[in-house]
Amino acid sequence: MSKNNRNSVANVIAVEDEQLKLLNDAKTKVTAEAFQMKRCLDNNKLMDALKHASNLIGQLRTNLLSPKNYYALYISSCDELRHLESYLFEEKKRGERINKLYELVQYAGNILPRMFVLF
């Protein structure tokens, strides 16, 4: 193997290692925010849960990940948000707090959390 080939292989490995580190860091933050979100939902603290959901979604605002790793982060985030989806669906079924919920999400700083809740 020539010196150039060894250098390019070493560069590829370094990039893959960096990508794995970035992905793991983002997934760790998603998991931590999801835990706090679920805890807030269990205690019927919807506004706090929405803040954690917004923070969780905020991890998707990156251009540092490769498409493959971004997709993995996206799937992980969507899986965690299913808990919020279930909670909101149950609230809607009971007919409770939907107007209040609509008002709450208007204060969310990012459009994505608002769209998710209004879906």
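Trainee: What share of the 119 residues of the protein counts as buried?
Mentor: Here 29% of the 119 residues count as buried, where buried means under 20% relative accessible area, exposed over 50% and partly exposed in between, with a 1.4 Å probe and protein chains only. This is a predicted model, where local features need pLDDT of at least 70, side-chain atom pairs count only at pLDDT 80 or more, and totals for chains, interfaces and linings use all residues. Residues are numbered from 1 along each chain as its sequence is written, and side-chain values use heavy atoms, with hydrogens and water left out.

Trainee: Okay, and how many helices and strands does the protein have?
Mentor: There are five helices and zero strands, and along the sequence the pattern reads α-α-α-α-α. Helices (H or I, at least four residues) and strands (E, at least two) are DSSP runs, numbered from the N terminus.

Trainee: What angle do the axes of α2 and α3 cross at?
Mentor: Helix α2 (residues 46–58) and helix α3 (residues 67–94) have axes that cross at roughly 160 degrees and come within 11 Å. The axes are lines fitted to C-alpha atoms, for helices over the stretch in contact, and angles run from 0 to 180 degrees between N-to-C directions.

Trainee: So how are α2 and α3 oriented to each other, roughly parallel or roughly antiparallel?
Mentor: They are roughly antiparallel to each other. Angles under 35 degrees count as roughly parallel, over 145 as roughly antiparallel, 65 to 115 as roughly perpendicular, and the rest as oblique.

Trainee: Which residues make that contact?
Mentor: From α2 the contact uses L46, L50, A53, L56 and I57, and from α3 it uses S77, E80, L81, L84, Y87 and L88. Contact means heavy atoms within 4.5 Å. By class, the contact has nine nonpolar, one polar and one charged residues. For those classes, Ala, Val, Leu, Ile, Met, Phe, Trp, Tyr, Cys and Pro count as nonpolar, Asp, Glu, Lys and Arg as charged, and the others, Gly among them, as polar.

Trainee: Switching to the largest nonpolar core, which residues touch the most other members?
Mentor: Those are M37, L41, L46, L73, L81 and L84, out of 21 residues in the core. α1 (3–42), α2 and α3 each supply at least two residues of this core, and the largest share, seven residues, comes from α1. A nonpolar core is a set of buried Ala, Val, Leu, Ile, Met, Phe, Trp, Tyr and Cys residues joined through side-chain atoms within 4.5 Å.

Trainee: What about H52, which residues does H52 touch?
Mentor: H52 sits in helix α2 and touches E33, Q36, M37 and C40, not counting residues up to four places away in sequence. At 18% relative accessibility, H52 counts as buried.

Trainee: Last one: where is N44 found?
Mentor: N44 is in the loop between α1 and α2. Its phi is near 55 degrees, a positive value in a residue other than glycine. N44 counts as partly exposed, because its relative accessibility is 48%.
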